[in-house]
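These are my notebook entries on one structure. I looked up one item at a time and wrote down what I found.

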Amino acid sequence: MKELNEVEALFVEEVLSTHGEYIVDLMQASIESLNLRITDDLINSLDYKVEHRGSDYVLSISFLSYGRAVEILSNKSR
């Protein structure tokens, strides 16, 4: 990947940050609409960050690990 200038790098970071915020919002809405919310622990654990690794930019989404198991069980019961 070519090295980005400062303006391009800021644009990439902003786009990834916007996408991360969108995904976290979708996950929160899904948890609430499926009535998977017992405490606020899972929703409060939803987070994202944009990192610069070498010449690449990476969007990381994180949440408590049991959140995936809850989602799988919720869809399995249908």
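Where does Asp47 lie? I found Asp47 in strand 1; helices (H or I, at least four residues) and strands (E, at least two) are DSSP runs, numbered from the N terminus.

**Ground rules.** I am working from a predicted model, in which local features need pLDDT of at least 70 and side-chain atom pairs count only at pLDDT 80 or more, while totals for chains, interfaces and linings use all residues. Residues are numbered from 1 along each chain as its sequence is written, and side-chain values use heavy atoms, with hydrogens and water left out.

**Overall.** I noted three helices and two strands for the protein. Along the sequence they follow the pattern α-α-β-β-α. I looked up burial next: 15% of the 78 residues count as buried. Buried means under 20% relative accessible area, exposed means over 50%, and partly exposed is in between (1.4 Å probe, protein chains only). The accessible surface comes to about 5,900 Å², and 55% of that belongs to carbon and sulfur atoms; the areas come from the Shrake-Rupley method with a 1.4 Å probe, and for residues only the protein chains shown count as cover. For contacts (heavy atoms within 4.5 Å), I took those between residues at least 6 apart in sequence, and 45% of them join residues at least 24 apart.

**Helix 1.** I checked the length of helix 1, residues 6-33. Its 28 residues should span 40 Å at 1.5 Å a residue, and the end C-alpha atoms are 40 Å apart, so the two agree. The expected span is 1.5 Å times one less than the number of residues. At the N-terminal end, Asn5 caps the helix, with a side-chain oxygen 3.0 Å from the backbone nitrogen of Val7. I count as a polar contact a pair of N or O atoms within 3.5 Å; within protein, one must be able to donate a hydrogen and the other to accept it, and residues adjacent in sequence count only if both atoms are side-chain atoms. Just after helix 1, I saw that Asn35 takes a positive phi of about 55 degrees.

The buried residues of helix 1 are Ala9, Leu16, Gly20, Val24 and Ile31. Their cover includes helix 2 (41-45), strand 1 (47-53) and strand 2 (56-62).

**Core.** Which residues make up the largest nonpolar core? I listed five: Val24, Ile31, Leu42, Ile43 and Leu46. Helix 1 and helix 2 are the elements that give two or more residues to this core. A nonpolar core is a set of buried Ala, Val, Leu, Ile, Met, Phe, Trp, Tyr and Cys residues joined through side-chain atoms within 4.5 Å. In soluble globular proteins, nonpolar side chains tend to be buried together.

**Helix 2.** I looked up two residues here. Ser45 is in helix 2 and is buried because its relative accessible area is 18%. Its side chain reaches the backbone oxygen of Leu42 at 2.7 Å and the backbone nitrogen of Leu64 at 3.0 Å. Leaving aside neighbours within four places in sequence, Ser45 is in contact with Ser62, Phe63 and Leu64.

Not counting residues up to four places away in sequence, Asp41 touches Leu64 and Tyr66. Asp41 and Leu64 are 23 residues apart along the chain, and their C-alpha atoms are separated by 8.1 Å.

**Strands.** Strand 1 and strand 2 pair in the antiparallel sense over seven bridges; pairing requires that DSSP finds at least two bridges between two strands. I read off two opposite pairs: Lys49 stands opposite Ser60 in strand 2, and Val50 stands opposite Leu59 in strand 2. The hairpin has two residues between the strands, and there Gly54 takes a positive phi near 65 degrees.

Back to Asp47: is it buried, partly exposed or exposed? Asp47 is partly exposed, because its relative accessible area is 42%. Not counting residues up to four places away in sequence, Asp47 touches Val24, Ser60, Ile61 and Ser62. The C-alpha atoms of Asp47 and Ser60, 13 residues apart along the chain, are separated by 8.3 Å.
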